[in-house]
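Please look over the model shown below before reading on. The paragraphs after it go through the open spaces, the ligand site and a few single residues.

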Amino acid sequence: MVVVEATDVVKEYESGETVRALKGVNFEIEAGEFVAIVGPSGSGKSTLLNLVGLLDTPTSGTVRVAGEDIEDHSDRERTSVRKSVVGFVFQSYYLIPTLTALENVVVPCLLDRNPAEAEQRAVDLLERVGLGDRLDHYPDELSGGQKQRVAIARSLINEPDVLLTDEPTGNLDRETGERVLDEFDRVTDEGVAVVTVTHDEYVASFADRVLHLVDGELGTDAPSVEAVGGGVFE
Ligand code: ADP
Ligand code: MG
């Protein structure tokens, strides 16, 4: 099943002059796929991630995520679609320092009708990422890898179709990074597509598929093993 469908996507920014950040890209991502987006700085990776995350809309072309094209939606509808179909994990975690691990995971559900159910889901997710014994710890009582796993649990609380991550292992040592990657692997086993922006060949080597962005254009898809072998990307 296709969960992300990008067709002739152009993104231009107007800031005095026009910057053409994406020059007409086409790709699809399947449920349960782990896709890495690689490319030099300024090649359009964050722009692409923002579009797939329904945080922004293309200048022309379409981006559908789980069948939704937000182009014609109001801001409020967009927020609601985004909440139900995408999850985000960033390098800097964005955990709230005054909340425990459990409370941080529950945050996206604060306005839900059934808080007890949300809390149970959060406990389950934290157990799944190996933090069942850290529910009441505050972020500054957790290691970098543990914080990242709290962020992953939080990103999954609304059962997204797509999980988006920007340099998810950037602050982590190799071993901790590997555990985070294993976590993503488990997420894809449940049918969630994981899309990661990375500079790290090691992360890309974990991906089912690598999308190479160069100057706003996508190169041909290559299996990650070949890409690493060829040393094609940064
Ligand atoms: P990457 O994440 O690969 O480094 P970006 O998607 O952040 O690349 O940026 C792609 C291009 O678009 C760059 O030339 C960047 O300067 C430009 N750009 C990104 N965001 C904006 C913005 N809000 N306004 C103007 N130009 C932007
Ligand atoms: Mg970027």
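The second largest pocket is lined by Arg121, Asp124, Leu125, Arg128, Leu156, Ile157, Glu159, Pro160, Val187, Glu190 and Val192. Pockets and cavities are found on a 1 Å grid over the protein atoms alone: a pocket is an open set of points with protein on both sides within 12 Å along at least five of seven lines, a cavity is a set where a 1.4 Å probe fits but cannot get out, and lining residues have an atom within 4 Å of a point. The space in this second largest pocket is about 180 Å³, where a volume is the space filled by probe spheres set on the grid points, which are joined across faces, edges and corners. Helix α4 (residues 115–128) contributes the largest share of the lining, four residues. Helices (H or I, at least four residues) and strands (E, at least two) are DSSP runs, numbered from the N terminus. By class, the lining of the second largest pocket holds six nonpolar, no polar and five charged residues. In this scheme Ala, Val, Leu, Ile, Met, Phe, Trp, Tyr, Cys and Pro are nonpolar, Asp, Glu, Lys and Arg are charged, and the others, Gly among them, are polar.

The model is predicted, so local features need pLDDT of at least 70 and side-chain atom pairs count only at pLDDT 80 or more, while totals for chains, interfaces and linings use all residues. Residues are numbered from 1 along each chain as its sequence is written, chains are lettered from A and ligands numbered from 1 in the order in which they are written, and side-chain values use heavy atoms, with hydrogens and water left out.

The largest pocket contains about 430 Å³ of space. Of the 17 residues that line the largest pocket, Val86, Gly87, Phe88, Pro108 and Arg154 are the closest to its centre. At least two lining residues come from each of α2, β5 (86–90) and α5 (144–155), and β5 gives the most, with four residues. The lining of the largest pocket divides into nine nonpolar, five polar and three charged residues.

Which kind of helix or strand holds Arg82? Arg82 is in helix α2 (residues 75–85). Arg82 counts as buried because its relative accessible area is 19%, and buried means under 20%, exposed over 50% and partly exposed in between, with a 1.4 Å probe and protein chains only. The C-alpha atoms of Arg82 and Gly53 are 7.0 Å apart, although 29 residues separate the two along the chain.

The largest cavity has a volume of about 50 Å³. Its lining consists of Leu51, Leu54, Asp56, Thr57, Pro58, Thr62, Val63, Asp69, Ile70 and Glu71, of which five are nonpolar, two polar and three charged.

What surrounds ligand 1? The shell is made up of Tyr13, Ser15, Val19, Ala21, Pro40, Ser41, Gly42, Ser43, Gly44, Lys45, Ser46 and Thr47; a residue is near a molecule if one of its heavy atoms lies within 4 Å of it. By class, the shell around ligand 1 has four nonpolar, seven polar and one charged residue. β1 (2–15), β2 (17–30) and α1 (45–52) each supply at least two residues of this shell, and α1 has the largest share, three residues.

A polar backbone atom of Gly42 is 2.7 Å from an oxygen atom of ligand 1. For a backbone N or O atom of Gly44 the distance to a ligand 1 oxygen atom is 3.0 Å, and for one of Ser43 it is 3.2 Å. Taken alone, ligand 1 exposes 560 Å², and the protein buries 61% of that; accessible areas come from the Shrake-Rupley method with a 1.4 Å probe.

Val19, one of the residues around ligand 1, is found in strand β2. Val19 is classed as partly exposed because its relative accessible area is 39%. The C-alpha atoms of Val19 and Arg149, 130 residues apart along the chain, are separated by 36 Å.

Backbone angles come last. Most residues other than glycine have a negative phi. Asp8 has a positive phi, near 50°. Asp8 is in strand β1 and is partly exposed, with a relative accessible area of 46%. Asp215 also has a positive phi, of about 50°, although it is not a glycine. Asp215 is placed in the loop between β8 (209–214) and β9 (217–218), and its relative accessible area of 49% makes it partly exposed.

Terms used
Polar contact = N/O pair within 3.5 Å; in protein donor to acceptor, adjacent residues only side chain to side chain.
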